[in-house]
Amino acid sequence: FSEVTESRAVLEQVDLSQVDLTGVYLVGANLRMANLSGADLIRAKLIGADLVGANLSGVNLSYADLTNANLSGVDLSGVNLIHTDLSGANLEDANLSGADLTSADLADVDLEGLDLSGANLSGANLSGANLSGANLRRAILREAVLSVADLSGADVGEADFADADLGVAILIGIQNWPRIKSIRGAALFSPQDTADFRRWAVNHGAREMAAKEYVAWQAARRR
């Protein structure tokens, strides 16, 4: 199956469990209700694919391209999404608890109210993402890019924000922030927050930066 190069293939309700689909090209494919449990979809091209109702338990989607894919309501809990491109994906009502999203691209993605508890988002690109009201309890966001992200009302209890980029992030109304596991080294540049949170964050190792320092800090991270 790794040689399959079908565009807009119709694979609705097909059983592909435990199948090696490494590098498969299924741009725009209809995979509604398909059984992909335990499948290897490493580096798969699933741009614009429809995965509504699909069984993705135990699937490996590392380095896959899911740009503009429809994952509405899909259970992605515990799924390997390392370095996966999810930009433009529809994740409405999806479950991402415990998912491994290390270095994943979620820029500008709507994650409002989603369950991301225990998810590993280390190094993930969440710039401009809508995380308002999301469950980020125990999530790992070390070195994550959250510039211009909206975290208003998100539950961040026991989350790890060490070395994260919180520049211009919306942090008003975040829940359980005194229980954040770590915020040491995180960059604060003109975020929308409260004085109490800002004071607490700086006292716990966050770095409040002026514009010039923030730009230099971002450039150093990209090197």
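Select helix H1, residues 195-203, and colour Phe197, Arg198, Trp200 and Ala201, which are buried. These four residues lie on the same side of H1, because they cover an arc of only 165° around the axis. Please note before continuing that the model on the screen is predicted.

Then return to the buried residues of H1 and display strand E1 (187-188) and strand E2 (207-208), against which they pack. Just after H1, select Gly205, where phi is positive, at about 105°.

Besides being one of the buried residues of H1, Phe197 belongs to the lining of the largest cavity. What is the volume of the largest cavity? The value is about 40 Å³. A search of the whole structure finds one cavity of 30 Å³ or more. Colouring the lining by residue type shows nine nonpolar residues, with no polar and no charged ones.

Finally, move to the segment before E1 and select Ser62. Is Ser62 buried or exposed? Ser62 is buried, because its relative accessible area is 8%, and buried means under 20%. To view its surroundings, display Leu41, Ile42, Arg43, Asn80, Ile82 and Thr84; Ser62 touches each of these residues, when those up to four places away in sequence are not counted.

How values were computed:
Residues are numbered from 1 along each chain as its sequence is written. This is a predicted model: local features need pLDDT of at least 70, side-chain atom pairs count only at pLDDT 80 or more; totals for chains, interfaces and linings use all residues. Side-chain values use heavy atoms; hydrogens and water are left out. On a 1 Å grid over the protein atoms alone, a cavity is a set of points where a 1.4 Å probe fits but cannot get out, and a pocket is an open set with protein on both sides within 12 Å along at least five of seven lines; lining residues have an atom within 4 Å of a point. Grid points are joined across faces, edges and corners, and a volume is the space filled by probe spheres set on the points. Ala, Val, Leu, Ile, Met, Phe, Trp, Tyr, Cys and Pro count as nonpolar, Asp, Glu, Lys and Arg as charged, and the others, Gly among them, as polar. Buried means under 20% relative accessible area, exposed over 50%, partly exposed in between (1.4 Å probe, protein chains only). Helices (H or I, at least four residues) and strands (E, at least two) are DSSP runs, numbered from the N terminus. The arc is that of the directions from the helix axis to the C-beta atoms. Contact means heavy atoms within 4.5 Å.
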